[in-house]
Amino acid sequence: MSLWIRAGFWCEFTVTAAEANAPGTQKTRAVRSVGGALSWLRVDLRPLTGGLDPVEARRAFEWLERHQWKAADQLKRGEPVALSLLHQGAALRWTISPAFFLPQLVSPCTCVESGLIS
């Protein structure tokens, strides 16, 4: 693998209302490690557990207590993971997928030097 390409994980959180055909709110993040990816999901999930109905709250706690370790194994094997819950008619979905990232290219000149800003 090239030194320019870095392996990591692409994390997405999407909220879709029941009556909507397309995803509504979306939040994304790129992380470098399995631990960082799972931490991102845990930090997002924990505050929501108190507002979930009992069935969905139980599913969330099961994931936090047991299933996150299975998810870690899946990610280490290069497999994506997902967690979906329902909350007040909206579908909440977290996904973590293995990904490769290229570095951002930074131009050596500023906008003033390039003539874009006078």
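How many strands form the open sheet, in what order do the strands lie, and is the pairing parallel or antiparallel?

Reply: The model is predicted: local features need a pLDDT of at least 70, side-chain atom pairs count only at pLDDT 80 or more, and totals for chains, interfaces and linings use all residues. Residues are numbered from 1 along each chain as its sequence is written, and side-chain values use heavy atoms, with hydrogens and water left out. The pLDDT is the predictor's confidence in each residue, from 0 to 100. The protein chain has an average pLDDT of 84, and 81% of its residues score at least 70.

The open sheet consists of four strands in the order S2-S1-S4-S3, and the pairing is antiparallel. At the edges are strand S2 (25-31) and strand S3 (81-87), each of which pairs on one side only. From one strand to the next, the twist averages 15°. Strands (E, at least two residues) and helices (H or I, at least four) are DSSP runs, numbered from the N terminus, and two strands pair if DSSP finds at least two bridges between them.

The pairs may now be taken in turn across the sheet. Strand S1 (residues 6-17) is joined to S2 by seven bridges in the antiparallel sense; Thr 14, for example, has Gln 26 in S2 as its bridge partner. Between S1 and S4 there are twelve antiparallel bridges, and Val 15 stands opposite Leu 92 in S4. S3 and S4 pair in the antiparallel sense over seven bridges, with Ile 96 in S4 as the bridge partner of Val 81. These two strands, S3 and S4, form a hairpin with two residues between them, and Gln 88 in the turn has a positive phi of about 50°.

Thr 95 lies in strand S4 and is buried, with a relative accessible area of 17%. Buried means under 20% relative accessible area, exposed over 50%, and partly exposed in between (1.4 Å probe, protein chains only). Beyond residues up to four places away in sequence, Thr 95 touches Trp 10, Cys 11, Glu 12, Trp 40, Val 81 and Ala 82; contact here means heavy atoms within 4.5 Å.

Helix H1 (residues 34-45) lies across S1, S2, S3 and strand S4 (90-101), and runs at about 165° to S4. Helix H2 (residues 54-76) lies across S1, S3 and S4, and runs at about 170° to S3. The axes are lines fitted to C-alpha atoms, for helices over the stretch in contact, and angles run from 0 to 180 degrees between N-to-C directions.

In H1, the buried residues are Val 34, Ala 37, Leu 38, Trp 40, Leu 41, Asp 44 and Leu 45. They cover an arc of only 150° around the axis, and therefore lie on the same side of H1; the arc is that of the directions from the helix axis to the C-beta atoms. An α-helix has 3.6 residues a turn, so residues three or four places apart point the same way. The buried residues of H1 pack against S1, S2, H2, S3 and S4.

Finally, Asp 73 is found in helix H2 and counts as partly exposed, at 41% relative accessibility. Asp 73 and Val 34 are 39 residues apart in sequence, and their C-alpha atoms are 9.0 Å apart in space.
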